[in-house]
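Welcome! Here is a friendly briefing to read alongside the sequence and the 3D view. Please take a moment to look at both before going on.

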Amino acid sequence: MSDTVSVYIHVPFCIKKCSYCDFYSTNTLSFLPAYVNSLQREIGIRTGLAGLAGPAKKNAQTIYFGGGTPSLLPLEEVEKILGTVCACYQVLPNAEITFEVNPGTVDEPYLSGLKNLGVNRLSIGVQSFDTAKIKVLNRIHSIEESIGAIGAAKSAGFENIGLDLIYGTPGETREKWIQDLKTALEFKVAHLSCYMLTLESGTPLQAQYEKGLFQMHGPDILTDFFMATSTFLGQQGYEHYEISNFARGRENRSRHNSNYWNMTPYDGFGPSAHSFGFPIEKGLDARDTCLASPERSWNPADVNAYVQSLSSGVLQAREREVLSCRQQMLERVMLGLRTSDGFDMAVFKKISGQGYLKGITPLLARLETQGLGAVLPGSVKRFQLTLSGRARLDSIVEAFADIIL
Ligand code: SF4
């Protein structure tokens with residue numbers, strides 16, 4: 001049986017850095033053609049399909065173009081990349097193919113072109129419909145361009161559209177944020193991602209904060225924003241299925257990101273892209289057991305070195321981390337608790353053995369008594385956090401870590 005994975009393509013180019021962002025990207029767009037050639041080589045070499053002989057192709061159930069700004073790729077380059085992915089993987093007929101779009105970089109012909117190439121889901125980074133907020137975030141686009149991009153996506157025939165939004169910017173009130181959400185709802189999109197603004201080290205926003213140019217909201221106010229977002233979007237028919245993600249029905253959840261939270265293997269390509277998988281030789285049956293030894297690996301965040309290395313047909317050395325049994329247990333819990341499906345107690349027991357399940361039982365009982373979590377009824381026992389529990393996710397995960405690690 002072939003392995004089934006998600007495929008991630010990191011496109012490390014942006015026109016200008018947004019004030020809050022610490023994702024790897026460069027504004028040296030002249031690297032773009034060489035980057036695409038290198039990417040095609042990386043995919044070919046790592047799947048074993050660059051030469052004549054290769055292993056059986058893996059099934060790709062999702063493909064995700066993230067960045068950076070994937071919508072800076074000309075359509076011909078997107079076609080080349082998708083062609084390589086289709087040559088090196090068995091792309092499943094119903095595969096979800098997502099493309100992240102910056103509203104300042106697209107028009108209707110471009111989005112129609114993506115649709116014709118097989119992209120079936122768009123994630124549009126509008127971030128806000130408030131001009132002052134867009135300015136604080138140092139985005140390259142106007143509100144009019146965001147609205148134009150959503151309209152163009154619909155005209156191009158996309159039904160599965162997600163909008164990315166940010167809340168908790170300096171000076172923003174809960175009322176202003178809910179107004180921002182109300183504007184987003186007017187577009188009746190399938191999916192909303194609502195990210196709480198955080199100060200990442202090395203970003204211009206953090207530097208401004210350290211100079212005392214503004215104050216960030218405290219944890220109580222941010223919790224209030226979080227709870228209000230969930231309640232308001234719930235009333236509007238959006239299911240809060242992951243800490244920052246809301247879908248109009250289960251069918252509109254991001255399948256690609258859900259695979260990350262389920263610890264399904266993924267192959268990431270491009271500078272800084274991460275991959276996660278299980279050693280093939282241990283077989284599919286070893287997963288969900290202590291024998292699995294899953295591995296996370298990632299490319300260096302340097303497009304120049306990436307291109308130089310792959311132009312001579314050589315893969316860069318990748319950083320690697322093999323998860324111990326305890327790390328695997330904690331990740332299952334941590335990722336599961338982010339979602340409304342919670343974590344699977346049967347899998348936890350299989351990985352950890354009865355002893356560990358007994359170890360966490362008092363914590364589960366305490367969370368239940370405090371109204372922070374509950375065991376969901378059903379054939380497979382899953383433990384899920386309530387909304388109040390999810391608002392305290394970090395401290396709850398720490399409590400699990402104290403027991404498991
Ligand atoms: S466009 Fe996206 S990846 Fe690029 S700097 Fe802004 S937030 Fe970061």
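Two strands pair if DSSP finds at least two bridges between them. Helices (H or I, at least four residues) and strands (E, at least two) are DSSP runs, numbered from the N terminus. With that in hand, strand 1 (residues 4-11) and strand 9 pair in the parallel sense, over four bridges.

This is a predicted model, in which local features need pLDDT of at least 70 and side-chain atom pairs count only at pLDDT 80 or more, while totals for chains, interfaces and linings use all residues. Residues are numbered from 1 along each chain as its sequence is written.

- Elsewhere, an open sheet is formed by three strands in the order 13-15-14, with antiparallel pairing.
- Strand 13 (343-344) and strand 14 (373-376) each have a single partner strand and stand at the edges, so one side of each has no neighbour in the sheet.
- Strand 13 runs antiparallel to strand 15 (residues 382-385), and two bridges join them.
- Phe343 stands opposite Phe383 in strand 15.
- As background, strands of a sheet pair through backbone hydrogen bonds, either parallel or antiparallel.

**Helix pairs**

- Two packed helices are described by the angle between their axes and the distance between the axes.
- Here axes are lines fitted to C-alpha atoms, for helices over the stretch in contact, and angles run from 0 to 180 degrees between N-to-C directions.
- The axes of helix 1 (residues 32-46) and helix 10 (residues 303-311) cross at roughly 60 degrees and come within 9 Å.
- Helix 1 and helix 10 are therefore oblique to each other; angles under 35 degrees count as roughly parallel, over 145 as roughly antiparallel, 65 to 115 as roughly perpendicular and the rest as oblique.
- Helix 1 and helix 10 make a left-handed crossing, meaning that the near helix is turned anticlockwise from the far one by less than a right angle (right-handed if clockwise).
- For helix 11 (residues 325-338) and helix 15 (residues 393-404), the axes come within 10 Å and cross at roughly 160 degrees.
- Helix 11 and helix 15 are therefore roughly antiparallel to each other, and their crossing is right-handed.

**Around the ligand**

- The residues around the ligand include Cys14, Lys17, Phe23, Thr69 and Asn102; a residue is near a molecule if its C-beta atom, placed from the backbone, lies within 6 Å of it.
- Four nonpolar, six polar and one charged residues make up this shell.
- In that count, Ala, Val, Leu, Ile, Met, Phe, Trp, Tyr, Cys and Pro are nonpolar, Asp, Glu, Lys and Arg are charged, and the others, Gly among them, are polar.

- Ile166 is found in strand 5 (residues 161-167) and counts as buried because it has 25 C-beta neighbours inside 10 Å.
- Arg41 belongs to helix 1 and is buried, with 21 other C-beta atoms within 10 Å.
- Lys57 lies in the loop between helix 1 and strand 2 (58-67), and its 17 C-beta neighbours inside 10 Å make Lys57 partly exposed.

Key: Buried ≥ 20, exposed ≤ 12 C-beta atoms within 10 Å, placed from the backbone.
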